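This report looks at how chains meet in a multi-chain protein model. It then turns to a single residue.

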Amino acid sequence: MLAALALALLPLLIKSDFALTILVFSFLLGMLAVSFNLIFGYTGQLSMFHAAAFGISAYATHLSMSLLGTSFWIGLVLAALLVLFLSVIVGTICFRFRLKEFYFAVVTLAFSEMARLIILNWNSVTNGTLGIILQEKPRIWLPGQGIVKLDGTLMWYYVSLIGLALTLLVCWRLVNSWMGRSFAAIRLNDELGDTLGINVFRYKLAAFSVGNMIAAIAGGLYSFFLGSIEPGFLSIDQSLAIVAMVLLGGRGAVAAPFIGALVLTTLPHVIHLGAELRTIVYGSILIFTILVMPQGIYGSIAALTRRPPHAI
Amino acid sequence: MLFEISGLTKRFDGLTAVSDVSFSIAQGDIVGIFGPNGSGKTTLLSLIAGMLTPSTGRIVWKGKEIQGHKPHDIAAAGVVKTFQNPQLFSELTVFEHLMIAGHLMLKRRLGWRRIATLFNTDTGQAGGDLEARAREVLRLCRLEGSRDQTAGVLSYGEEKMLGVAMALMCEPQLLLLDEPASGLGQSEIDSLEIVLRDLRAHGMTLCIIDHKVGFLGKLADRAISLHHGAKIAEGTPAEVLSNEHVIAAYLGR
Amino acid sequence: MGQLILGQLLNGAILGTLYGIIALGVTLTFGITGIVNFALGAFMMLGCYMAWYFTDGLGMHYAVAVLCAVLVTSFAGLIADQTLFRFTRNNLVNGLLVSIGLISVMEGAALLIWTSTPKNMEYVLPGVFSFFGLVVPKMKAVVFLVLLGVILATYAALTRTWIGRAAYAYAQNPEAAELMGVRTKILQSGVVVYSTGLAGLGGALYASLYSIDPTLGAVYILKAVEAAILAGIGSVIGSLFGGILLGITEGVGSIYLPIAFRDAYGLIFLIAILLFKPAGLFAGRK
Amino acid sequence: MIEFDHVNVHYGKNHVLHDLTAKIEAGEVVALIGANAAGKTTALRTALGLKNLSSGSLRFAGEDVSSLSTHERVERGLILVPEGRQVFVKFTVTENLLMGAYHRKDRNKVQVELDYVYDLFPRLLERKSQKAGSMSGGEQQMLAIGRGLMAKPKCLLLDEPTMGLAPIIVQEILTILGKLAANGMTILLAEQNASMALDCASRAYVIESGHISLEGSSESLRESATIKSLYLGH
């Protein structure tokens with residue numbers, strides 16, 4: 001709560017547009033990481049479809065606006081529904097056939113690679129490798145000012161902060177409910193969960209779909225803040241970046257992956273490294289986290305303060 | 001008849017683990033199934049609980065055939081099984097185990113309305129019932145003292161008892177216990193016996209398998225003995241124990 | 001048209017043995033250590049650059065350079081095993097993520113050292129064989145035969161030698177193998193190193209055929225995993241056939257369908273296999 | 001030959017073996033009798049180093065082997081025929097038997113032992129090229145014992161060799177164990193079936209919940225009330 005208030009007031013202190021921009025990216029990628037953790041950390045499914053959900057939604061939002069003439073927000077909702085639809089298809093296929101661990105990762109990866117190949121090669125619609133420059137700005141209603149263009153870092157700051165806050169709220173509610181208990185049961189021992197009457201298929205699909213839909217919303221917002229879309233949104237590297245954020249931040253608390261998103265988004269801007277060195281540093285962080293600090297930053301701090309990292 | 005199986009057979013390639021077994025269980029009975037290791041007892045329970053699909057034969061629960069149904073559907077119908085080697089959620093506390101196992105309670109109380117509780121911090125009466133039930137089960141299973149301990153620090157006896165406790169949270173009408181006493185010390189067996197008698201007093205129907213005769217002999221109303229997957233004797237425990245086939249199966253003569 | 005198809009069949013088969021040699025490493029590592037080493041693609045890339053460096057930079061004879069490249073790659077594999085993979089045995093998710101982290105490190109380092117400009121090697125073995133109107137570059141034929149030979153030799157070693165039998169026994173039942181006196185730690189490290197060596201060999205040979213760049217491993221490891229799953233993980237001969245089948249499908253497929261989708265065939269295969277025949281096409285064979 | 005000295009073993013926080021002390025002399029057949037989950041398998045696994053002991057020590061042929069790895073113990077002639085057979089299902093009978101000799105320095109000269117095992121178990125000879133996975137439980141058990149013998153054991157540990165087998169097969173296996181004993185093999189036999197184990201062994205230990213509750217000669221134990229209550233609950 002205190003942290004939320006601090007974040008809400010932060011722009012009063014930080015006037016730097018550069019710093020705010022980094023924070024906006026962190027919030028949006030934080031949404032991505034937090035929602036991924038719902039699938040990976042809480043339900044135990046290593047999905048490689050998350051970047052696909054993010055990227056597909058970015059394209060779909062834009063296409064809805066340019067082809068159907070909808071507003072940004074309607075487009076975003078349509079994109080999220082499209083992702084929901086795809087998640088149900090992909091999830092049903094994977095979970096009905098009881099694909100687990102590596103096989104689940106590989107098949108979701110195959111689906112997201114196919115999505116990427118389609119986007120990459122459907123030049124007439126997606127402009128292929130070059131991607132699309134997004135000129136329009138979403139409009140929002142502000143009290144006292146009526147409907148205005150969502151423009152300027154400060155406005156984006158609050159929009160993305162609200163997005164992250166809502167994501168945290170949704171995930172927190174889910175995780176601390178009977179449904180979250182079912183997620184935990186699936187992650188820790190799905191056979192036992194099954195004999196206790198938990199419909200493993202249904203809750204795996206629920207976690208997968210909800211997580212992907214949040215990623216979809218993050219994708220739409222991210223692309224319009226960035227001002228462009230490109231097929232790299234769906235790449236394996238993007239999937240891995242999400243995994244890295246979650247591992248670094250920690251899997252044990254709803255908000256922990258945001259720490260990872262913040263660190264990994266800020267780091268390249270604070271320490272100036274060439275692209276090559278940055279890749280090396282990312283890889284090293286991933287390895288280091290898994291081998292030395294498997295609980296992530298949050299888990300390590302929680303262990304120091306002796307709070308149990310997993311309260312379901 | 002509450003529960004009835006007929007002609008149940010399970011073949012794994014080359015091996016018939018359960019062979020043409022038929023019996024029935026009446027409401028409120030404690031039925032003991034015993035036989036030496038490898039006699040097909042655990043396979044039989046797994047078939048009933050839906051973890052395996054029978055090759056042939058029928059399993060009838062309250063007039064409906066349930067063979068081949070999914071384990072969670074069978075649990076939801078009121079037939080719940082425990083594991084011989086305790087299966088637990090290693091990182092969680094005893095109480096959290098019970099809350100997970102309370103899933104079916106919420107489902108029965110709220111149906112699809114439980115979705116609404118996701119958006120509303122108050123789970124209402126059902127949530128209260130769930131916690132009350134968990135406390136009652138803790139008391140019944142003598143686990144109150146370990147309520148907030150994680151599963152990893154429990155003794156073997158407590159682990160097994162937690163398995164029973166989780167099954168009880170599912171509000172079973174037929175409880176299937178897979179060797180509940182194996183690996184327990186005498187004092188643990190005694191308290192298990194008290195718990196099981198308590199359950200019977202509450203009207204629960206129990207089906208217990210064990211490879212030892214002693215503990216089950218005193219508890220069961222009826223006994224069935226399996227050997228090489230086939231039923232070799234049925235009757236009161238005393239009858240079954242004096243059956244020459246049973247003695248031969250145990251003593252290996 | 002017939003010639004075109006035959007040509008693509010041949011090309012596909014050659015590419016397929018390259019997929020196959022990496023797939024063999026994937027299969028062996030998974031069978032013995034329980035992890036999928038995605039970094040094998042990066043080791044292949046290392047093998048490429050080493051072969052290029054030893055011939056182009058140090059002026060060694062190509063055959064010697066290949067041998068040295070394999071040694072260097074295996075040594076790198078040993079270091080990776082002792083510092084990283086040793087700690088992730090039988091932990092599939094952690095092993096996967098560590099190997100992915102290793103890819104970033106190796107690719108980044110390769111970009112720093114050799115830049116993203118593709119390197120080309122002088123034609124090591126120029127000239128072509130031609131028969132029945134088909135033209136096959138000599139080098140391609142050599143690469144094909146060497147890789148085929150190595151895969152078959154590995155298969156023979158696994159079935160005929162004591163150490164091979166021990167490895168296969170361990171894959172079936174680790175604890176029983178330990179009870180036979182198999183030195184499990186050495187076996188596990190040995191297999192990780194051997195599979196990186198195979199990847200290095202694939203890379204070193206690849207370098208003589210195509211131009212090389214630091215990111216080439218990503219494509220090959222994906223194809224190799226596809227081939228390994230296609231065959232059924234654990235099947236040694238299957239990884240060869242899986243690789244060749246995938247290579248041929250891509251080759252022939254690109255005649256009829258847009259070339260842009262050639263990477264999708266493997267993915268479609270993969271999904272279909274995992275859903276309908278999860279044990280793979282060659283299940284039950286070694 | 002083998003000596004457990006105040007051995008304690010834990011699985012996590014579970015204390016599964018309490019101060020286990022037992023000794024088997026060379027040439028003896030000793031039974032370890034106990035119910036399911038009493039600690040028999042853990043004791044045997046600990047002997048082979050598949051499970052670490054938390055305290056106490058283990059001596060084999062006069063040497064402290066507590067800190068040796070499994071393959072080092074196997075090389076010294078301590079051989080376990082594990083619970084549930086654990087044969088290599090995709091190997092043929094012969095390949096399985098050869099794996100038994102894996103650790104031996106003279107492993108390329110095993111024809112003598114191979115003949116010996118095939119002589120003991122003619123059924124295995126009939127099926128020597130068959131995959132072990134396609135054989136019956138009894139045949140797999142024979143194969144597992146045969147595989148153990150291929151190792152030229154100094155001491156053979158058998159974990160429930162008759163579990164789940166038909167009486168006629170049990171008889172066959174008992175006969176073989178009798179032959180081995182007559183040839184002077186040191187055997188530790190873990191069994192639930194007390195009566196059978198006592199027929200085989202000259203001495204026995206009874207293990208309950210990780211404690212040795214009783215020990216003595218087979219004759220004296222056969223009359224003991226503990227044994228009876230353990231099995232028939234009288």
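A salt bridge is counted when a side-chain nitrogen of Lys or Arg lies within 4 Å of a carboxyl oxygen of Asp or Glu. The model shown here is predicted. In it, Arg45(D) forms a salt bridge with Glu175(C). The closest N and O atoms of Arg45(D) and Glu175(C) are 2.3 Å apart, and this pair counts because the cut-off is 4 Å.

The total between chain D and chain C is 2 salt bridges. There are also 7 residue pairs in polar contact between chain D and chain C, with both residues at pLDDT 80 or more. On the side of chain D that touches chain C, two or more residues come from each of helix 1 (40-48), helix 2 (70-75) and helix 3 (93-100) of chain D. Sorted by class, that side of chain D has 13 nonpolar, 6 polar and 6 charged residues.

The contact involves 25 residues from chain D and 18 residues from chain C. Putting chain D and chain C together buries about 2,200 Å². Carbon and sulfur atoms give 65% of that area.

## The interface of chains A and C

Here 32 residues of chain A are in contact with 36 residues of chain C. How much area is buried between chain A and chain C? The value is about 3,000 Å², and carbon and sulfur atoms give 89% of it.

Three helices of chain A each supply at least two residues of the side that touches chain C: helix 5 (101-121), helix 10 (236-249) and helix 12 (275-292). Helix 5 of chain A gives the largest share, 13 residues. The residues on this side of chain A are 25 nonpolar, 4 polar and 3 charged.

## Thr126 of chain A

Thr126(A) lies in helix 6 (residues 123-126) of chain A. Is Thr126(A) buried or exposed? Thr126(A) has a relative accessible area of 2%, and it is called buried because the limit for that word is under 20%.

The side chain of Thr126(A) reaches the backbone oxygen of Trp122(A) at 2.9 Å. Leaving out residues up to four places away in sequence, Thr126(A) touches Tyr59(A), Ile119(A), Gly131(A) and Ile132(A).

Definitions and conventions:
Residues are numbered from 1 along each chain as its sequence is written. Chains are lettered from A and ligands numbered from 1 in the order in which they are written. This is a predicted model: local features need pLDDT of at least 70, side-chain atom pairs count only at pLDDT 80 or more; totals for chains, interfaces and linings use all residues. Side-chain values use heavy atoms; hydrogens and water are left out. Contact means heavy atoms within 4.5 Å. Buried area is the accessible area (1.4 Å probe) that two parts lose on being put together, summed over both. Helices (H or I, at least four residues) and strands (E, at least two) are DSSP runs, numbered from the N terminus. Ala, Val, Leu, Ile, Met, Phe, Trp, Tyr, Cys and Pro count as nonpolar, Asp, Glu, Lys and Arg as charged, and the others, Gly among them, as polar. A polar contact is a pair of N or O atoms within 3.5 Å; within protein, one must be able to donate a hydrogen and the other to accept it, and residues adjacent in sequence count only if both atoms are side-chain atoms. Buried means under 20% relative accessible area, exposed over 50%, partly exposed in between (1.4 Å probe, protein chains only).
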